[in-house]
Amino acid sequence: MKMPSVSVNRREMLAASLAAAAPRLRAAEAKPATADTLIVLWMAGGMAQTETFDPKRYTPYESGTPSNDVLSTFKPIDTVVDNIKISEGLENIAKVMDRGTLIRSYQAGDLGFILHSRHQYHWHTGYAPPQTAAMPHLGAVISRTLGPRNAEMPAFVDVGQDMEIGAESAAVKAFHTAGFLGADHGPFMVVNPSNAAETVRPLKELGDRRFQSRRELWRQLTKNSPLAQAGGFQRDAILRSVENASRLMDSPSAKAFDLSLEPEKSYARYNTGRFGLGCLLARRLTESGARFIEVTTEYIPFRNWDTHESGHERTVDMKRQIDAPIAQLVLDLEERGLLNRTLIVLASEFGRDMVTEGKPDKKVKDQVTVPDIMTEPKHYGMHRHFTDAGCVLLFGGGAKKGFLYGKTADERPCRTIENPVSIENLHASIYQAMGISPETSYEIEKRPIYVTRDGKGKPIETLFG
Amino acid sequence: MRLRALFVCVSAWAQVDYQTQVHPVLAAKCFACHGGDKRSGGLSLRDYQSVIDGGRSGAVIVPQSSGDSLLVQRATGQIQPKMPPAGPGLTETELATLRSWIDQGARPAPTAAPAKPRFVPTLELRKPGGSLEDLLNAYYKRNNVKVSAVSDAMYARRVYLDIWGLVPSPEQLAEFTTDRGSDKRVRLVRQLLAHRENYAGHWFTFWNDLLRNEDSFGTYGGDRKSISKWLESSLAANLAGNQFLGQLLNPRRPEDPDGFLTGVNWRGDSSASQMPWVQAAQNSAQIFLGINLKCNSCHDSFISKWKLKDAYGLAAYYSPDPKLELVRCDAKTGEFTGPQFLYPALNRPSGESLEERHAAAAEMFVDPRNGRTPRTIVNRYWAQLMGRGIVEPRDDMDGEPWSPEVLDWLAAELAARNWDFQWLIEAIVTSSAYQLPSVAEPAPAKGFVFRGPQVRRLTAEQLIDSLSAITGEWPVLERGNQKQARYVREAHRPASPLSLALGRPFRDQVITERATDATTLQMLELVNGKGLYEHLNRGAMRLLGREPAAPPNLFDSLAMRATTPPVKIDLDVSNLKEAWLVVADQGSYSPGQVKTDWTGVELITANGTEKIGDLHTTAVETHKLDLRGKNARRLQATVGINAESNRSDINPSVRFFVFGEQPNYHRLIPVLEQRPVSAPPSALTRDELIRRIFRQALGRDVTAEEFRLAQATLGETPTPEQLTDLLWAVAASPEFQLVL
């Protein structure tokens with residue numbers, strides 16, 4: 001398989017780039033962008049919607065309660081927006097709801113059985129694997145189509161996901177990639193935001209001085225090689241890339257990665273753990289001209305939002321991790337005048353329910369044993385994977401303020417009853433906000449591959465403006 | 001010549017214009033079925049290029065010969081069925097226009113040059129007369145290619161890298177360059193090919209990419225099966241290519257590679273166009289025939305003659321159900337097909353059982369009348385060794401070869417030689433073509449003339465393995481749950497950030513060409529990645545004879561999970577000064593939360609029993625017991641995972657060890673001494689090291705200036721750090737990273 005090519009006005013092909021293998025862009029006419037930067041806050045593992053942003057009737061834990069009676073294990077709380085209530089534990093986000101749009105009707109794809117990594121792949125690329133081409137991550141498409149905002153800042157930064165997570169490692173790696181768009185548009189990975197600075201600083205083992213002297217030796221040897229002229233464009237590409245990589249490390253933008261430079265007070269506001277610091281890093285990178293940043297609560301099978309047991313107790317902790325930093329991120333960007341042109345999207349691969357696995361009319365094989373009657377606190381929580389409804393939050397970047405979109409039923413199965421949102425249309429809306437037409441495609445092996453599946457994504461216009 | 005020039009002059013005043021005269025005729029009479037998105041018989045007459053390209057039956061226009069042009073033959077009914085099949089046919093005037101236009105050269109515009117007849121690939125294979133060199137020489141002469149051969153040293157570096165995937169050692173290089181024999185290049189190639197382990201160690205990667213084989217990848221919850229064992233042994237045995245294909249397409253024995261037909265499947269539902277048998281059709285057609293069935297696995301192709309039915313026809317050979325319903329863009333059509341090969345002339349009665357259909361498929365791919373498969377394989381090997389195929393893109397073998405004769409000679413010879421892949425490599429790398437100086441400019445997509453191999457970048461595997469060969473420090477593979485690890489080549493390890501940065505692909509799809517462009521993110525890994533640093537640092541310590549000690553463990557529990565019963569330890573600790581109780585994680589979801597128990601830890605001493613009690617550690621902690629002065633004879637304990645850790649979000653998997661001295665955490669289990677190639681001599685002086693590194697990495701002697709720079713870096717007595725830096729500077733140089 002070769003690298004693909006993008007197309008403008010569909011017919012107007014851009015001249016092939018230098019590498020014969022580079023995919024050609026076939027851009028379609030787009031509306032003017034309302035956002036320059038996209039931040040995805042990824043709730044990895046399936047965030048229970050009825051426990052977070054779509055609260056239903058609250059049922060406290062009591063041994064002997066039928067599981068089917070439980071819709072929410074948290075009380076609803078008011079937000080600053082009259083018609084929006086969310087869930088206890090999200091008090092900080094409740095205070096900034098007037099800056100954003102809440103979607104309650106995201107419907108995840110019907111992929112048969114539930115496999116987190118496969119739904120994540122679907123969310124992030126718009127395509128369900130397997131595919132005949134290596135599909136690029138949303139961040140890679142944005143990197144390739146728009147390029148970096150700041151040449152010294154990688155256009156696609158991914159924060160918080162360790163790639164070695166056991167059995168699903170390969171599946172998670174499979175979409176954390178630029179795929180056919182080529183390695184230059186792949187993610188710049190920062191696993192632990194506290195150490196982010198290390199990714200752009202000489203290795204600890206090397207240190208600054210050795211790093212510099214080693215590079216000087218490399219320059220001298222390269223220059224003095226009797227074959228210094230051999231290798232043509234391949235040699236030039238290597239020389240240029242080594243210098244670029246070094247330059248990235250020397251650049252002022254590299255400081256944005258260094259959380260130790262953040263004032264103590266501000267650092268503390270974000271510091272609920274890795275995810276919170278990831279939000280802080282996202283803010284700093286946005287200030288420095290980042291194009292796309294994803295911050296994840298990290299997918300590890302059965303951990304974080306992947307609650308197969310003790311759902312209530314674990315959701316308390318997940319909310320503690322996300323609530324303050326997300327609200328702070330919104331406020332900080334607003335204060336800096338950046339929120340208008342920065343789109344924040346909070347999403348998850350699907351929702352959760354205590355009873356239904358999949359969709360009410362398209363149930364899939366149960367993967368979690370849920371007793372009919374709760375007898376232990378560990379039974380209390382949303383443990384099954386629900387694909388009929390899920391929540392998405394949008395802040396900034398032209399998204400409506402204090403707006404609620406989509407509706408779910410108040411009784412089980414709590415399915416989406418108004419304005420269902422598919423991944424194609426959600427992506428189309430995001431791409432449109434970024435100034436990319438949903439009909440944009442890349443040509444690979446002479447065929448077009450669209451940034452929304454078959455170019456069919458339609459922006460949901462009412463979310464913006 | 002004069003006559004023809006005259007003809008052109010005379011007819012110039014009556015030149016037929018495609019756009020204003022021919023196109024309207026075709027639009028009026030033919031577009032109902034051949035109008036673009038509709039391409040009956042694979043033929044579109046929508047625009048000039050489509051007309052020239054023709055359809056499934058080949059070209060429909062033979063420039064300057066209307067009588068031989070299918071378009072005219074059909075329009076007149078000379079060849080049935082007459083076209084158009086319904087409605088009024090072409091009028092005499094319309095026919096005359098078409099005829100004149102074709103006879104005048106089928107030009108896109110009156111002033112343009114006559115159309116070049118489309119290259120029509122044939123299915124059958126005829127070996128051109130003469131030797132390969134005769135054909136190449138004729139090509140050089142026709143295209144004014146300057147012929148010369150690269151130096152011995154450069155040649156040796158090329159063939160070592162291309163056959164073994166390793167740079168030659170200084171000794172190997174010297175042996176070759178001092179050889180006076182006139183046939184020494186052929187002898188070297190044969191000698192390299194004869195070392196089957198090293199050969200297979202390199203070509204394993206080439207075939208892994210093509211067959212999308214990956215050991216280290218999980219199953220994605222669905223089916224996926226490694227074929228590594230079969231692949232390595234088939235390469236090492238130099239299994240005849242037709243049998244090689246036969247076993248892939250018709251796996252019978254337990255050791256056969258059924259994983260190839262299984263494909264890559266994820267848990268849950270797949271698109272109809274990704275069912276295992278459709279994947280098998282796509283993959284076998286792409287890899288072995290250079291035919292892209294990806295578009296038409298979903299709908300009739302808009303860019304080629306292939307239809308939905310063609311993809312399903314081939315898929316039916318691989319499907320448990322021989323009758324497949326065509327599914328267009330995930331909507332059932334109600335139309336069915338049975339097994340039908342892409343080349344109907346090769347169709348075989350396919351029988352009732354899946355086994356019979358597999359057998360039929362295998363036979364069709366290697367049928368002696370099928371020249372397409374050997375051509376495609378020859379082209380893939382050529383591209384691998386030369387950086388560009390004889391046909392490009394190499395996945396579309398309908399394209400025009402820069403030399404049909406060279407391609408067909410090699411393909412016919414390959415088939416005649418029992419599909420001997422090693423012979424093919426030998427034929428290519430001993431040819432004058434391979435020995436030409438390399439070409440440093442990107443190959444143009446159009447108008448390519450072969451002038452020598454393209455400059456290539458080392459693959460991730462070649463680069464890492466070559467560094468290992470230079471230092472003698474190889475990656476270690478701890479496979480599964482074994483008490484011993486071994487040194488391996490990079491291809492046997494799971495992909496790492498370093499190898500991925502250097503271009504090792506995910507093999508979820510068939511990879512027929514790796515991305516070779518150097519990018520900033522890749523180089524960041526090379527410039528500042530931990531993986532390369534550590535590999536070179538260990539290598540430097542090894543070259544200096546200063547590897548860290550790796551004491552053997554006294555106890556290894558192997559992997560224990562929450563459900564594994566506790567294990568009793570009873571070890572002889574007499575003569576030990578200390579005992580280290582180590583727990584290492586083996587892939588728990590949450591290593592920091594795993595609680596492990598060392599219960600009833602006791603020392604049996606000369607004076608009785610000393611109870612130490614229960615010790616608890618996480619999966620990443622170590623306890624050290626001081627045994628000095630205790631006269632301890634035995635250490636006893638029971639080890640296991642604490643019941644509290646038996647939770648889905650922890651999913652503990654750990655391994656318990658006991659050591660008699662401080663362990664080397666990189667070497668908790670012993671590594672078998674054997675290395676892929678012999679280690680460099682030990683106890684080299686600084687200057688010897690410098691000479692050796694340059695000679696091996698770059699295939700040439702260090703220059704005086706380089707020598708001075710290296711000496712200045714290493715100082716009088718080099719430290720591992722200084723040597724690491726020198727190794728890095730050489731490894732990061734374009735000269736090392738390229739095959740020149």
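A residue is called buried when its relative accessible area is under 20%, and exposed when that area is over 50%. Keep in mind that this is a predicted model. With that cut-off, C391(A) counts as buried, because its relative accessibility is 4%.

How many disulfides does the structure hold? Zero, over all chains. A disulfide needs two cysteine sulfur atoms within 2.5 Å.

| Cysteine | Closest cysteine sulfur | Sulfur-to-sulfur distance |
|---|---|---|
| C391(A) | in C414(A) | 11 Å |
| C298(B) | in C329(B) | 3.9 Å |

So C391(A) is too far from C414(A) for a bond, and C298(B) is too far from C329(B) as well.

Now for a sheet in chain B. Three strands make up this open sheet, running in the order β4-β5-β14, with mixed pairing. β4 (476-477) and β14 (671-672) of chain B are the edge strands, each pairing on one side only. β4(B) pairs with β5 (residues 485-487) of chain B in the antiparallel sense, over two bridges. Across that pairing, V476(B) of chain B sits opposite Y487(B) in β5(B).

Last stop: the largest cavity. What is its volume? About 100 Å³. Its lining includes L211(B), R212(B), N213(B) and E214(B), along with F260(B), V264(B) and N283(B). By type, the lining residues split into four nonpolar, four polar and four charged.

Technical notes: Residues are numbered from 1 along each chain as its sequence is written. Chains are lettered from A and ligands numbered from 1 in the order in which they are written. This is a predicted model: local features need pLDDT of at least 70, side-chain atom pairs count only at pLDDT 80 or more; totals for chains, interfaces and linings use all residues. Side-chain values use heavy atoms; hydrogens and water are left out. Buried means under 20% relative accessible area, exposed over 50%, partly exposed in between (1.4 Å probe, protein chains only). Two strands pair if DSSP finds at least two bridges between them. Helices (H or I, at least four residues) and strands (E, at least two) are DSSP runs, numbered from the N terminus. On a 1 Å grid over the protein atoms alone, a cavity is a set of points where a 1.4 Å probe fits but cannot get out, and a pocket is an open set with protein on both sides within 12 Å along at least five of seven lines; lining residues have an atom within 4 Å of a point. Grid points are joined across faces, edges and corners, and a volume is the space filled by probe spheres set on the points. Ala, Val, Leu, Ile, Met, Phe, Trp, Tyr, Cys and Pro count as nonpolar, Asp, Glu, Lys and Arg as charged, and the others, Gly among them, as polar.
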